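My notes follow in the order I worked.

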Amino acid sequence: MGKLAALTLLGACLALIGERLLNFRERVSTTREIKSTEPQNCHLIEGLENGSEDIDILPSGLAFISTGLKYPGMPAFAPDKAGRIFLMDLNEQNPKAQALEISGGLDQESLNPHGISTFIDKDNTAYLYVVNHPNMDSTVEIFKFEEQQRSLIHLKTLKHELLKSVNDIVVLGPEQFYATRDHYFTNYFLVLLEMILDPHWTSVVFYSPKEVKVVAQGFSSANGITVSLDQKFVYVADVTAKNIHIMKKHDNWDLTPVKVIQLGTLVDNLTVDPATGDILAGCHPNPMKLLFYNPEDPPGSEVLRIQDSLSDKPRVSTLYANNGSVLQGSTVASVYHKRMLIGTIFHKALYCDL
């Protein structure tokens with residue numbers, strides 16, 4: 001009986017793993033062809049050659065761009081080169097990207113920037129918060145932006161036991177932010193197992209100097225995060241579930257679910273159009289090409305606009321789509337006065353006039 005029970009248990013486990021493998025393949029596979037949608041006035045941004053994973057634009061039109069991300073399982077064109085933060089002034093007629101000098105105590109050789117978010121204090125001082133992965137760990141680095149010198153001063157490194165496998169961040173006050181955890185585990189083997197079994201253990205964490213807590217959970221892989229213009233709602237991308245969760249923000253910083261918008265494509269970073277409040281989503285239309293990178297058949301790029309997100313019938317339209325011939329592995333799109341920047345995990349970045 002003992003052997004029979006063991007064989008029965010083994011068979012059940014193998015059946016579960018087989019079912020989960022098929023489910024994983026379905027989640028990350030897509031056979032749809034990308035219909036090209038490209039504004040006429042677009043060009044690659046000179047100097048951004050090793051990714052541009054996240055982009056955040058100040059109300060003044062100054063755009064911060066994180067570059068050089070090394071992420072497990074993803075290609076990296078310059079694996080031995082430290083990450084950088086670039087700046088573009090979108091008020092200029094022909095804006096150029098410039099790398100920002102960093103001063104302070106940060107070990108710049110270990111800079112591996114992921115999601116970023118800006119915050120403007122009451123005295124109009126701008127701060128940049130950067131999700132960093134030094135030695136594949138997770139920290140949040142706080143910088144003060146010196147606009148005249150076009151430089152960053154490193155102020156502080158934040159670490160916490162709940163800030164593990166951090167992907168993105170949205171800052172709403174001094175050292176007050178929401179952060180997404182895209183995996184529950186940090187061990188590479190366990191992360192692979194988590195991706196296959198899909199236990200929906202990833203979460204959104206609220207951080208402040210007084211309190212750190214999980215405020216939303218049950219995501220397949222929580223990824224990009226941003227906030228509505230009125231700061232009443234938080235938008236969370238669940239990348240492998242191919243959807244966006246709209247959450248209501250409460251005075252105690254807790255989040256409660258409002259609705260889920262299914263998009264049928266892997267959703268990475270989210271931004272909000274400051275002129276309309278529409279959600280912009282950087283997406284991966286053919287993710288298997290990311291996992292098994294072939295420069296002769298590269299992953300494509302896709303940017304979606306979601307209008308009327310709180311209505312019964314949100315409107316989804318395509319702002320940009322390319323099969324990888326121009327831009328590979330898009331992660332984010334951010335707009336300012338009809339100018340759009342599109343970033344990628346490991347490839348280049350695109351500038352478009354809309």
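The model is a predicted one.

**Entry 1. Annotated glycosylation sites**

I took the positions from UniProt, where an unreviewed entry lists Asn269 and Asn323 under "glycosylation site".

I began with asparagine 323, which sits in the loop between β22 (315-322) and β23 (330-336). A polar atom of the asparagine 323 side chain lies 2.9 Å from the backbone nitrogen of serine 325. Leaving aside neighbours within four places in sequence, I found asparagine 323 in contact with Ile34, Pro298, Pro299 and Gly300.

Next I located asparagine 269 in strand β19 (residues 266-272). The asparagine 269 side chain reaches the backbone oxygen of glutamate 53 at 2.9 Å. Not counting residues up to four places away in sequence, asparagine 269 touches, among others, Asp54, Asn167, Asp168, Asn223, Thr331 and Val332.

I then asked of each site: is it buried, partly exposed or exposed? Asparagine 269 has 0% relative accessibility, so it counts as buried, the cut-off being under 20%. Asparagine 323 has a relative accessible area of 46%, which falls between 20% and 50%, so it is partly exposed.

**Entry 2. Annotated active site**

Which residue does the "active site" annotation cover? The unreviewed UniProt entry gives His114. I placed histidine 114 in strand β7 (residues 113-120). Histidine 114 is buried because its relative accessible area is 2%, and buried means under 20%. Its contacts, not counting residues up to four places away in sequence, include Glu53, Asp54, Ser66, Tyr71, His133, Asn167 and Asp182. I noted that Glu53, Asp54 and Asn167 are listed as contacts both of histidine 114 and of asparagine 269.

**Entry 3. Asparagine 286**

I looked up asparagine 286 in the loop between β20 (279-284) and α3 (288-291). Its side chain reaches the backbone nitrogen of glycine 300 at 2.9 Å. Asparagine 286 counts as buried, since its relative accessibility is 10% and the cut-off is under 20%. Glycine 300 had already come up as a contact of asparagine 323.

**Entry 4. A four-stranded sheet**

I traced an open sheet with the strand order β2-β3-β4-β5 and antiparallel pairing. Which strands are at the edges? They are β2 (54-57) and β5 (98-99), each pairing on one side only. Strand β4 (residues 84-89) is joined to β5 by two bridges. I checked phenylalanine 86 and found its bridge partner in β5 to be alanine 99.

At the start of helix α2 (residues 188-197), a side-chain oxygen of asparagine 187 comes to within 2.9 Å of the backbone nitrogen of phenylalanine 189. After α2 comes aspartate 198, with a positive phi near 50 degrees.

I then turned to the largest pocket, which has a volume of about 1000 Å³. The pocket is lined by 45 residues, and the closest to its centre are Tyr71, Pro72, His183, Val191 and Met195. The elements giving two or more residues to the lining are α1 (2-28), β11 (166-173), α2, β19 and α3. Which element gives the most? I found α2 in that place, with six residues.

Conventions:
Residues are numbered from 1 along each chain as its sequence is written. This is a predicted model: local features need pLDDT of at least 70, side-chain atom pairs count only at pLDDT 80 or more; totals for chains, interfaces and linings use all residues. Side-chain values use heavy atoms; hydrogens and water are left out. A polar contact is a pair of N or O atoms within 3.5 Å; within protein, one must be able to donate a hydrogen and the other to accept it, and residues adjacent in sequence count only if both atoms are side-chain atoms. Two strands pair if DSSP finds at least two bridges between them. UniProt positions are given in the numbering used here, feature names are shortened, and annotations may be inferred rather than shown by experiment. Buried means under 20% relative accessible area, exposed over 50%, partly exposed in between (1.4 Å probe, protein chains only). Contact means heavy atoms within 4.5 Å. On a 1 Å grid over the protein atoms alone, a cavity is a set of points where a 1.4 Å probe fits but cannot get out, and a pocket is an open set with protein on both sides within 12 Å along at least five of seven lines; lining residues have an atom within 4 Å of a point. Grid points are joined across faces, edges and corners, and a volume is the space filled by probe spheres set on the points.
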